Amino acid sequence: MSTEYAVSLEADDLSRLLQLASPLLPVGAYAYSQGLEWAIEAKTISDALSTASWVADVIEIYLCKFELPVLWRMRKAWDKKDIDALKYWNSYYCAGRDTAEARAETLQMGYSLVRLLDDIDLDTESLMLLERFVPVSFPLAYACATSVWHIPAHSTLHAYLWSWAENQVSAAMKTVPLGQVAGQRMLLEIGAKIPAAVKIACALPDEELSNFAPGLSIAGCQHETQYSRLFRS
């Protein structure tokens with residue numbers, strides 16, 4: 001299977017996309033590990049190899065089959081201003097966040113991104129529409145921003161997945177711990193797999209969407225009662 005997809009970005013669009021993908025985006029992503037911290041506590045993750053394996057498994061089992069396909073559908077719905085589809089996929093995604101911390105994470109980040117978009121004067125009509133949704137998940141707000149800025153849909157998923165992977169590697173570097181070179185090697189390896197992951201996510205039919213990732217769910221649940229922790233999930 002070819003993993004290539006055509007992407008053409010104007011200079012301004014690229015700058016916007018890099019801004020959304022930046023760890024400096026003030027939405028609080030740095031505060032979450034999405035269960036990875038508990039996996040480190042449980043010794044499932046103990047070095048660079050086991051970290052890379054965990055991240056790759058989450059991408060394949062969860063992100064490619066649930067979060068990215070939902071983001072793809074949200075983006076398409078924003079392009080068409082399809083309110084019913086936006087409501088459906090926002091509710092679907094929120095329901096699929098199957099731990100208390102995971103749900104709180106997406107709602108906090110969604111809220112923060114809406115506030116940021118308001119402060120930087122996103123298109124008023126789209127922002128007013130976005131603010132009608134209660135609650136607002138992070139993918140819903142992210143898809144809105146990239147639609148308004150006319151960033152290609154494939155690039156939207158690519159940047160979203162890169163940001164997620166970078167945050168996971170950053171969390172591992174702080175808690176395993178890992179060195180900076182090991183972190184960059186992991187990102188190089190993960191980055192090479194992103195186009196294939198995006199293509200899989202975009203092609204997945206509705207009936208095959210699934211958030212079934214028992215190991216990830218268990219890690220999230222265990223983290224909620226973890227005695228000592230740096231992260232909120």
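Modeller: Let us start with a term we shall need: two residues are in contact when heavy atoms of theirs lie within 4.5 Å. This is a predicted model, where local features need pLDDT of at least 70 and side-chain atom pairs pLDDT 80 or more, while totals for chains, interfaces and linings use all residues. Residues are numbered from 1 along each chain as its sequence is written, and side-chain values use heavy atoms, leaving out hydrogens and water.

Colleague: Which residues does Thr99 touch, leaving aside its neighbours within four places in sequence?

Modeller: They are Ser217, Gly220, Cys221 and Glu224. Thr99 itself is found in the loop between α4 and α5 (100-119).

Colleague: Why is Thr99 called buried?

Modeller: Buried means under 20% relative accessible area (over 50% is exposed, in between is partly exposed; 1.4 Å probe, protein chains only). Thr99 has 7% relative accessibility, so Thr99 counts as buried.

Colleague: And what makes Asn90 buried?

Modeller: The value for Asn90 is 4%, so the label is buried again. Asn90 belongs to helix α4 (residues 83-96); helices here are DSSP runs of H or I with at least four residues, numbered from the N terminus. Leaving aside neighbours within four places in sequence, Asn90 has contacts with Met74, Pro135, Val136, Ser137 and Leu140.

Colleague: How do you know that Phe66 and Tyr93 are stacked?

Modeller: Rings of Phe, Tyr and Trp (its six-membered ring) pair if their centres lie within 6.5 Å, and planes under 30 degrees apart count as stacked, over 60 as edge-to-face, the rest as tilted. The count of aromatic pairs comes to ten. For Phe66 and Tyr93, the centres are 5.7 Å apart and the planes are at 15°, so this pair is stacked. Phe66 sits in helix α3 (residues 48-80) and Tyr93 in α4, so the pair ties together parts 27 residues apart in sequence.

Colleague: What makes you say that the charge of Arg115 sits over the ring of Tyr111?

Modeller: The rule asks for NZ of Lys or CZ of Arg within 6 Å of the ring centre and within 35 degrees of the ring normal. The charged end of Arg115 sits over the Tyr111 ring, 5.4 Å from its centre.

How values were computed
Helix = DSSP H or I, 4+ residues; strand = E, 2+ residues; numbered from the N terminus.
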